[in-house]
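My entries follow the structure.

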Amino acid sequence: MKQFIIHLLSATYFITGCINANTSGYKPNQQLLDSLEGQSPYLTKDHKGNIVLSWVRMVNDSVSTFCYAVSKNGGKSFETPQEIPNSNNIQPHSENLPKIIFKPSGEVIALWGAANPNPQNKYSGLLFYSQSFDEGKTWSDAKPLINDTLSYDQRYYDVALLPNGEAAIVWLDNRKATEKEGSALYFATTNGREGFTNEKRIGEFCCPCCRTDLFIDKNDGIHVLYRGIIQDSIRDMVHTASTDGGTSFSVPKRISDDNWIIKGCPHTGPSMTETNKGLHFSWFTGGKNKGCFYTQSTDNGNSFTKQDSISSLGSHPQMTGLSDGSVLIAWDETINSGDEVIKKVGIQKRNPDGTAKTKQFITQNNDMASYPVVIETNKSSCLVAYSIKRNQKSLIAWQVIQ
């Protein structure tokens, strides 16, 4: 497949205009992680419930490394960053995010992507991971996720903890059953200290350049969300689920019939979460209705509510469910302001029934903020982290949203 990367700054579906947002009196409290260059932030929690922020630190123009830092006070501050040894082959990519996951046993797994250009696909990449069995004090050598030499492209993955304490992973892979356009969707789980094993193909005809989303619901169901290729040309978001621990998955179903026909790669994947009112989804489309949208399912993905706009200019949405039953969504958007191009991060809170409650922007015009990630800190707040460009430097910023 020809790869036509869509640069969202110049895409025709990003129309210019004024920002209209209802504010709720929120005052931005942005903090910088440090003064060193970094990008691709990711948020999770460790096995003790502490918030963990991971990112790619640019050591110099040609060397990057994978780092993480722990917050023991709900995101008010972070401890000294820790570096993952042997991660110098990491390729910074905010859709193919490097990630870290903490198993209840105390094992920590760091995962990242590396470039693998080849005659089949100059954009190809490989996935690597390293394990720590002493809570991050020491790390194993980096090892490839896949040992099959037929797999030369593994990207756009996501990870999650299973009810049995093991980790699961989904990713896009070149190993398809047919020659049709797109990537295949794969699934694997860890087996104790052996790392990831028992890989299998669970779907096909995936848009090869949009991140996937893996989510485990309160009933131990496994959900996967990705951008599918439908009827050879439509690129809409697709949901599939497993109720038997990953042995089998349901027939993929669109969460919204956007009918976005495009021969290219949007580089903006979906997000999902759960509250006591069911499953919630956010995504970007360039179909007839353009921008970031929201939908909800109260029957485990069998049906979905009509799409509801989050932002007509938005992209790269991420969301989290809050303990009060509401949902918080973060996204970035590009607008023209006079002669300048501005990128901002916005947040929207939705009531348990999915209706929009508040919407505001949390970054300033001069920061060029993008690719937000979000996680709940406690019952009344969450933390949003993102990349900003300041004085030609890429930095990691975050703030707590009350």
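**Sheet.** I count two strands as paired if DSSP finds at least two bridges between them. Strands are DSSP runs (E, at least two residues), numbered from the N terminus. The model is predicted: local features need pLDDT of at least 70, side-chain atom pairs count only at pLDDT 80 or more, and totals for chains, interfaces and linings use all residues. Residues are numbered from 1 along each chain as its sequence is written, and side-chain values use heavy atoms, with hydrogens and water left out.

I find 4 strands in an open sheet, ordered 22-23-24-25, with antiparallel pairing. Strand 22 and strand 25 (356-361) are the edges, each pairing on one side only. Neighbouring strands here are turned by 20° against each other on average, direction ignored. The axes are lines fitted to C-alpha atoms.

I then checked strand 23 (residues 327-337) against strand 24 (residues 340-350): 11 bridges join the two. Ile 335 stands opposite Ile 342 in strand 24.

**Cavity.** I use a 1 Å grid over the protein atoms alone; a cavity is a set of points where a 1.4 Å probe fits but cannot get out, and lining residues have an atom within 4 Å of a point. Grid points are joined across faces, edges and corners, and the volume is the space filled by probe spheres set on the points.

I get 1 cavity of 30 Å³ or more. The volume of the largest cavity is about 50 Å³. Its lining includes Arg 211, His 316, Gln 318 and Tyr 371. Strand 26 (369-378) and strand 22 (314-321) each supply at least two lining residues. Strand 26 gives the most, with 3 residues.

**Salt bridges.** My rule asks for a side-chain nitrogen of Lys or Arg within 4 Å of a carboxyl oxygen of Asp or Glu. The count comes to 19.

Lys 48 and Glu 135 meet at 3.9 Å, N to O. Lys 48 lies in the loop between strands 2 and 3, and Glu 135 in the loop between strands 8 and 9, so the pair ties together parts 87 residues apart in sequence.

For burial I take under 20% relative accessible area as buried, over 50% as exposed, and partly exposed in between (1.4 Å probe, protein chains only). Lys 48 is exposed at 58%. Glu 135 is partly exposed at 39%.

Asp 153 bridges to Arg 155 at 2.8 Å. Both Asp 153 and Arg 155 are buried.

Asp 236 pairs with Arg 254, also at 2.8 Å. Asp 236 is buried at 0%, whereas Arg 254 is partly exposed at 23%.

Methods. On a 1 Å grid over the protein atoms alone, a cavity is a set of points where a 1.4 Å probe fits but cannot get out, and a pocket is an open set with protein on both sides within 12 Å along at least five of seven lines; lining residues have an atom within 4 Å of a point. Axes are lines fitted to C-alpha atoms, for helices over the stretch in contact, and angles run from 0 to 180 degrees between N-to-C directions.
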